[in-house]
Amino acid sequence: MAAARQRQARLTKPPGSLGALEDLSVRLAGIAGVCPPPLPEPAALAIFAGDHGVHAAGVTPWPQEVTGQMVANFLAGGAVVNAFARQVGAAVTVVDVGVAGPLPAAPDLRDLRVRPGTGNLLTGPAMSRDEAVQALAAGITVAGELCDGGARILLCGDMGIANTTPSAALVAAFTGTAPGAVTGRGTGVDDATYARKVEVVAAALARHRPDPADPVGVLAAVGGLEHAALAGYLLAAAARRVPVVVDGVIAAAAALAAAALAPAAVDAMVAGHLSVEPGAGVALAHLGLAPVLDLGLRLGEGTGAVLALPVVAAAVRALREVATFDSAGVTEK
């Protein structure tokens, strides 16, 4: 990182003129342990899918079967994230860690299902502690497979109808923020449903009293299977010294769990964008991560992470390819 800072200071541009890209390039050099860092390619996106028992509490107007239908859409290449992934050349893998209904086998689908959806966190724990660990292990497995397959940067994706509700509960639990300040409108719910979401999050936290010092317990009580899997994915990326781009509020909530398990894991994380979901901003601030993009996104799927990839690559290319004052024969001021 020191070498990267020194090189940034010698590039043919005014010092600091690339703003946050300079800091990002320094972090990427630190993750790789070499200056300049390698180009972040090939890129691999994993979309972790799971259903949620809290759907029964009336927190979303979308039917639960949409989760499985969207998984099929991802596998057919028809979702927004597929279009964006084609634009940047990222491979897409879909991981079933907890979809409620059956899914047909497909080449790009990894079946690591722990259980068919979580329990209703309003009336009981979302999952058992062992199931949370299994989901963490699923994420670790997928990250390892993608890195072994040559990926030099990993991207986070998710799919799960009603998953912004457990995301808000996780953010509140790990940051100590009030439910109303971290709960958003998700897919765009009306005022009555939004009020219900806040009420559900508050009631779940009061019921379970999750302890942030026990991150596996927090995931088990109020999380989702895809949150736990994403947390494992983030931990494995850090262990492999591979940068991992965090998407929106679901991935940010998972990042809080990963950081609670291993604080140094944050060093490998890049915040792809700032979701309009309020919990995302709270989570990123708690983690000390500055988002690369702010486009008013709230789709999920990994769309924000994929869109950030060219900017991450540009930060690396600046450090790798821009001439220094000495090499270019440019006079300094």
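## The sheet and its strands

Strand β2 (residues 91-98) is mostly covered, with seven of its eight residues buried. Buried means under 20% relative accessible area, exposed means over 50%, and partly exposed lies in between (1.4 Å probe, protein chains only). Helices (H or I, at least four residues) and strands (E, at least two) are DSSP runs, numbered from the N terminus.

This is a predicted model: local features need pLDDT of at least 70, side-chain atom pairs count only at pLDDT 80 or more, and totals for chains, interfaces and linings use all residues. Residues are numbered from 1 along each chain as its sequence is written, and side-chain values use heavy atoms, with hydrogens and water left out.

β2 belongs to an open sheet of six strands. The order is β3-β2-β1-β4-β5-β6, and the pairing is parallel. Two strands pair if DSSP finds at least two bridges between them. β3 (109-111) and β6 (269-271) stand at the edges; each has a single partner strand, so one side of each lacks a neighbour in the sheet. From one strand to the next, the twist averages 30°. Such angles run from 0 to 180 degrees between N-to-C directions, and axes are lines fitted to C-alpha atoms, for helices over the stretch in contact.

| Strand pair | Bridges | Facing residues |
|---|---|---|
| β2 and β3 | three bridges | D96 and D111 |
| β1 and β2 | seven bridges | F48 and V95 |
| β1 and β4 | seven bridges | A49 and M159 |
| β4 and β5 | two bridges | L154 and V244 |

Strand β1 spans residues 43-50. Strand β5 spans residues 244-246.

Now β4. How many of its seven residues are buried? The count is seven of seven for this strand, residues 153-159. In a regular strand the side chains alternate between the two faces of the sheet. Both faces of β4 are covered. I153, L155, G157 and M159 lie on one side, L154, C156 and D158 on the other, and all are buried.

## A helix pair

Two packed helices are described by the angle between their axes and the distance between the axes. Helix α6 (residues 164-175) packs against helix α8 (residues 191-208) at an angle of about 50°, with the axes 10 Å apart. That angle makes α6 oblique to α8. Angles under 35 degrees count as roughly parallel, over 145 as roughly antiparallel, 65 to 115 as roughly perpendicular and the rest as oblique.

The crossing of α6 and α8 is right-handed. A crossing is right-handed if the near helix is turned clockwise from the far one by less than a right angle, and left-handed if anticlockwise.

On the α6 side, the contact is made by T164, T165, A168, A169, A172 and A173. On the α8 side, it is made by K197, V200, V201 and L205. Contact means heavy atoms within 4.5 Å. By class, this contact of α6 with α8 has seven nonpolar, two polar and one charged residues. Ala, Val, Leu, Ile, Met, Phe, Trp, Tyr, Cys and Pro count as nonpolar, Asp, Glu, Lys and Arg as charged, and the others, Gly among them, as polar.

## Backbone details

Most residues other than glycine have a negative phi, and most peptide bonds are trans. Which bonds and residues depart from this pattern here? A cis peptide bond joins C35 and P36, with omega about -5°. Another cis bond joins E41 and P42, with omega about 0°. P36 sits in the loop between α2 (20-32) and β1. P42 is also placed in the loop between α2 and β1.

R241 is not a glycine, yet its phi is positive, about 60°. R241 lies in the loop between α10 (225-239) and β5. At 52% relative accessibility, R241 counts as exposed.

E301 is not a glycine either, and its phi is about 70°. E301 lies in the loop between α12 (278-287) and α13 (303-321). E301 is buried, with a relative accessible area of 5%.
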